[in-house]
Each structure stands twice: as C-alpha cells, then as structure tokens.
Amino acid sequence: MRLILRHLYQGMTPVPITNVSPVRRYLSWENEQRCRELLAASKSRHKQQDASAAVLVSLCSVAGEPALLYTLRSSTLTGVHKGEVSFPGGKCDDSDRDIVATALRETREELGLHLGEDCVWGIMQSLPDRTKKFVVPVLANLGPLEQLILKPNPQEVEAVFTLSISHLLKEQNQGYTHFCKNGVYSYTMPVFPRGPHRVWGLTAIITELTLELLAPGKYQRRTNVLGRR
C-alpha cells in the first residue's frame, strides 16, 4: 500500500489587531462556535433526506496550519467510487445510532482513528451522489495531525493526504467544469486540481461548502450545482 501524508501551504500574514493569523483563526474556538451555531440552525431549517451514507469532513492542523484531510480510495474496491479522492466515510449500518455514528465508525475502519463525538462541529446539508443516493457530510476537527496515529486499511485506502485551507482558498488552485445538455448550459462543478491528487465530484462540492463556512468572504462560490441551495 502507498501511504502519502503531504501538506501544501503558503506563508501566513500577521494581523495587527491580534496575534492569531487569519489562517490559524479558521480553527479557533471562536470560529468553531460560530460554525457550530450555523450548522445547528441549518439543520433545523433543512429537512435531512434519508441518508445512505456519511463522510467525515476532517479538519486538522499540520505544523499549526488548518487543513483538510482526504483519502484516495483503493483502486481494488468495487463500485463507481474506487480510486477517487474522498473524505473518510461510507454506507450507513443498521447498528449505527445516527449519521454521526456512521461517519465516526467509517473513519475508524478506514484510518484506525478512534474519535469521540466531541470533535464533531455539526452536520452539513445532505447531497446526492452520482447514483442519486444522499450523503451527509459531518464536519469534525481531528486536531494536530502530528498527534494522530493513522493506520489506513489497505483494502479501502490507497493514500492519505492533506491540503491546507490557505492552499484551497487561492484562486490559482481552484477550477470549474461546465456541463451542457443538448448544447445548452446546465450546471458548473468545482474542482481543486493542484495537489497530490485532484479533488473533484461530490468531494469538491463538500470542500467548497466547507470553505464557505470556515472562511466567509474569503471564498466566493462560482458554481451552480444542481440540487444545491
């Protein structure tokens, strides 16, 4: 199995008012509370679709800098998602108490991480995958990557890597794919092409939503994805 733990980041700019850089502030206590409140309010407004699966949108820090942790699914898996970049996650099981339990269980099975619910910030809007099944993103902070012991399951995970929030927020690291139907514009999907592996599809949509939540005003959505508000 090939295990990759790479991190792309840029220099941080100090802020005159505080000693905390704007980049590091994304995982601050204040920003966590703001995100928790927004996710709780969003959950109460939007009816969650019957979920078939959940993913753990895994915030972490690398050398003190906020990042997102991704996995590359094994190419030996069956199904349409093999060999794709993803967040840890998978199908709901009858033994799961709720959607959060699904995301935490799948992360434990894929990466060997035993996480408690206290690391979870909230539940994001459910989204349909290409098979029209609904996937629920569960946002969580894993903490410093240096303090985690990852034990990827080689049957499910081919590689693990991170992309810093500062990297993802730079326009040169963002891309978009326009789709047409019968010669008429239909919708636009985000893609993050720069890094160890290209982030696209549902994982790119969830990444985009996460950036909007973490860094309001810093990330501007330029996509029009069907079925998303």
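Modeller: Welcome! A disulfide is a pair of cysteine sulfur atoms within 2.5 Å. In this predicted model, a search of the whole structure turns up zero disulfides.

Biologist: What makes Cys 35 count as buried?

Modeller: Buried means under 20% relative accessible area. Cys 35 has a relative accessibility of 0%, so Cys 35 is buried.

Biologist: And why is Cys 119 called buried?

Modeller: The cut-off is again under 20%. Cys 119 comes to 12%, and therefore Cys 119 counts as buried too.

Biologist: Let's turn to helix 4. How do you know that its span agrees with its 14 residues?

Modeller: The expected span is 1.5 Å times one less than the number of residues. For the 14 residues of helix 4, residues 201-214, that should be 20 Å. The end C-alpha atoms of helix 4 are 20 Å apart, so the two values agree.

Biologist: What makes you call helix 4 mostly covered?

Modeller: Twelve of the 14 residues in helix 4 are buried. Among them are Gly 201, Ile 205, Glu 208, Leu 211 and Leu 214.

Biologist: Which residues have the most contacts inside the largest nonpolar core?

Modeller: They are Val 57, Leu 68, Tyr 70, Trp 121 and Leu 139, in a core of 36 residues. Elements that each supply at least two residues of this core include helix 1 (29-45), strand 1 (51-62) and strand 7 (134-144). Helix 4 gives the largest share of this core, seven residues. Apart from this core lies another, of 24 residues, including Ile 99 and Ala 140.

Biologist: What does Leu 139 touch, leaving aside its neighbours within four places in sequence?

Modeller: Its contacts include Leu 39, Val 57, Trp 121 and Cys 119, as well as Thr 210 and Leu 213.

Biologist: How do you know that strand 2 and strand 8 are paired?

Modeller: Two strands pair if there are at least two bridges between them. Seven bridges join strand 2 to strand 8, so they pair, and they run antiparallel. One of the partners to look for is Phe 161 in strand 8, bridged to Tyr 70. Strand 8 is also mostly covered, with seven of its eight residues buried.

Biologist: Which elements have the lowest and the highest mean pLDDT?

Modeller: Strand 10 (residues 184-191) has the lowest, 79, and strand 5 (residues 120-123) the highest, 96. Over residues 1-18 the pLDDT is below 50, although this stretch has 52 contacts in the model beyond near neighbours in sequence. For the chain, the mean pLDDT is 83, and 80% of the residues reach 70 or more.

Terms used: Residues are numbered from 1 along each chain as its sequence is written. This is a predicted model: local features need pLDDT of at least 70, side-chain atom pairs count only at pLDDT 80 or more; totals for chains, interfaces and linings use all residues. Side-chain values use heavy atoms; hydrogens and water are left out. Buried means under 20% relative accessible area, exposed over 50%, partly exposed in between (1.4 Å probe, protein chains only). Helices (H or I, at least four residues) and strands (E, at least two) are DSSP runs, numbered from the N terminus. A nonpolar core is a set of buried Ala, Val, Leu, Ile, Met, Phe, Trp, Tyr and Cys residues joined through side-chain atoms within 4.5 Å. Contact means heavy atoms within 4.5 Å. pLDDT is the predictor's confidence in each residue, from 0 to 100.
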